[in-house]
Amino acid sequence: MHGETSTSSSYRNLLYTLLIGVAVVLALLFPGLFTEVGGFPLKKLIVPLLQIIMLGMGTTMSLADFEGVVKQPKAVLIGVLCQFTIMPTLGFVLANSFSFPPEIAAGVVLIGCSPSGLASNVISFVAKANVPLSITVTTVATLLAPFLTPALMTLLAGQFIEIGFWKMMVEIVQMVILPIAVGLVLNRVFRKSTVFINGVMPLISMGGIVLIVAIITAAGRESLLNVGWALALCVLIHNLLGFALGYWSARLFGLNEQSSRTIAIEVGLQNAGLASGLAVQMGKVATVGLAPALFGPIMNTTGSLLGTYWSQRPVNNQQRPVNN
């Protein structure tokens, strides 16, 4: 974790959550600031910002991130299976339980069908969970997203909106896989500069996500004011059930406490940035993009609280993750 302490990670995550909260309030009060500048629609920045964030993820990755597949195959398999079964199913059930307009309901399913979020690695570190497992599950889930996210959306969200499987697949590759690949190459070529890059990219990523949330909130202000509280409750339930079902599924499959905490965090924290980017590409950022925009700040708040709670309850194997 590049010398980070759990305390500094907690403070950084708290600052990040506060900034997102401020961005949401400003976007609701002054939507014009985040809608366009000089005639340029700011929503066009969402995909490039996401690509920069994914590029940053790539610069912090190496082949070592895949060692967990060999060292902890059972735990990785359980984590990825839970990620792509629990959250999509919850999204589908919740979208049908709340009386949202079809496009907003599709956004709830979309956030459930996305891979685990980048914040999961930091929260796992704070929670004294199995960080190598967290990094591996995030990496594998992200690489599987071009295939699984469009397939699950076609299956579960097709009743709400039309889903173009191949179009979505290509968009995920462009938004996620290619920037990560470029980041990996940069990491190899400029290895001596990786300490600097790894110090700067998290700050750029945080700023990028805060801006994305503000732009989507401003674009969807009218819809958000109509369904805001109900959608926030829906997203909160989705997030909390993800934590709970992820943890107890891992325990049911026989994983130790430390790895079970990791699976809970991986399942509960989604890549809201990717979901937002897909909403932009659909041309429905003001509706489909609302659930991802709300999920980001909510998951960071609950994730920080859960990580802090678990950090006060250390496990015996916290220094040496058990290989499953």
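Two residues are in contact here when heavy atoms of one lie within 4.5 Å of the other's. With that in hand, here are some close-ups of a predicted model.

**View 1. Asparagine 96 and the residues it touches.** Asparagine 96 sits in helix H4. Setting aside residues up to four places away in sequence, asparagine 96 touches Gln159 and Phe160. Its relative accessibility is 41%, so asparagine 96 counts as partly exposed. Look also for alanine 106, ten residues away along the chain: its C-alpha atom and that of asparagine 96 are separated by 9.8 Å.

**View 2. The whole protein chain, before going further in.** There are 13 helices and two strands to find in the protein chain. The chain has 324 residues, and 55% of them are buried. If you take the contacts with a separation of 6 or more, 85% are between residues 24 or more positions apart. The accessible surface of the chain comes to about 14,100 Å², and carbon and sulfur atoms account for 70% of that.

**View 3. Helices H4 and H5, side by side.** Two packed helices are described by the angle between their axes and the distance between the axes. For H4 (residues 73–97) and H5, the angle is about 170° and the axes are 7 Å apart. That angle is over 145 degrees, so H4 is roughly antiparallel to H5. Which residues meet here? From H4 come Gln83, Phe84, Met87, Pro88, Gly91, Phe92, Leu94 and Ala95, and from H5 come Ala105, Val108, Val109, Gly112 and Cys113. Sorted by class, this contact has ten nonpolar residues, three polar ones and no charged ones.

**View 4. Leucine 110, inside helix H5.** H5 covers residues 102–113, and leucine 110 is one of them. Is leucine 110 buried or exposed? Leucine 110 has a relative accessible area of 0%, so it is buried. Apart from its neighbours within four places in sequence, leucine 110 is in contact with Met153, Ala275, Leu278, Ala279 and Val288.

**View 5. Helices H6 and H7 packed together.** H6 takes in residues 119–126 and H7 residues 131–156. Their axes are 9 Å apart, and the two helices pack at an angle of about 170°. H6 is therefore roughly antiparallel to H7. The crossing of H6 and H7 is right-handed. Where the helices meet, H6 brings Ser120, Asn121, Ser124 and Phe125, and H7 brings Val131, Ser134, Ile135 and Thr138. By class, the contact of H6 with H7 has three nonpolar residues, five polar ones and no charged ones.

**View 6. Helix H6 on its own.** How many of the eight residues in H6 are buried? The count is seven, so H6 is mostly covered. The buried residues in H6 are Ala119, Ser120, Asn121, Val122, Ile123, Ser124 and Val126. Among them, Ser120, Asn121 and Ser124 also take part in the contact with H7.

**View 7. The loop between H6 and H7.** Lysine 128 belongs to this loop. Its phi is positive, at about 55°, although lysine 128 is not a glycine. At 24% relative accessibility, lysine 128 counts as partly exposed. Asparagine 130 has its place in the loop between H6 and H7 too. How accessible is asparagine 130, in relative terms, and what does that make it? The value is 0%, so asparagine 130 counts as buried. Isoleucine 263 is 133 residues away from asparagine 130 in sequence, and the pair are 9.0 Å apart in space, C-alpha to C-alpha.

**View 8. Lysine 71 in helix H3.** H3 spans residues 67–71, and lysine 71 is found in this helix. With a relative accessible area of 48%, lysine 71 is partly exposed. To place lysine 71 within the chain, look for leucine 133: the two are 62 residues apart along the chain, and their C-alpha atoms are separated by 9.3 Å.

Terms used
Residues are numbered from 1 along each chain as its sequence is written. This is a predicted model: local features need pLDDT of at least 70, side-chain atom pairs count only at pLDDT 80 or more; totals for chains, interfaces and linings use all residues. Side-chain values use heavy atoms; hydrogens and water are left out. Helices (H or I, at least four residues) and strands (E, at least two) are DSSP runs, numbered from the N terminus. Buried means under 20% relative accessible area, exposed over 50%, partly exposed in between (1.4 Å probe, protein chains only). Accessible areas come from the Shrake-Rupley method with a 1.4 Å probe; for residues, only the protein chains shown count as cover. Axes are lines fitted to C-alpha atoms, for helices over the stretch in contact, and angles run from 0 to 180 degrees between N-to-C directions. Angles under 35 degrees count as roughly parallel, over 145 as roughly antiparallel, 65 to 115 as roughly perpendicular and the rest as oblique. A crossing is left-handed if the near helix is turned anticlockwise from the far one by less than a right angle, and right-handed if clockwise. Ala, Val, Leu, Ile, Met, Phe, Trp, Tyr, Cys and Pro count as nonpolar, Asp, Glu, Lys and Arg as charged, and the others, Gly among them, as polar.
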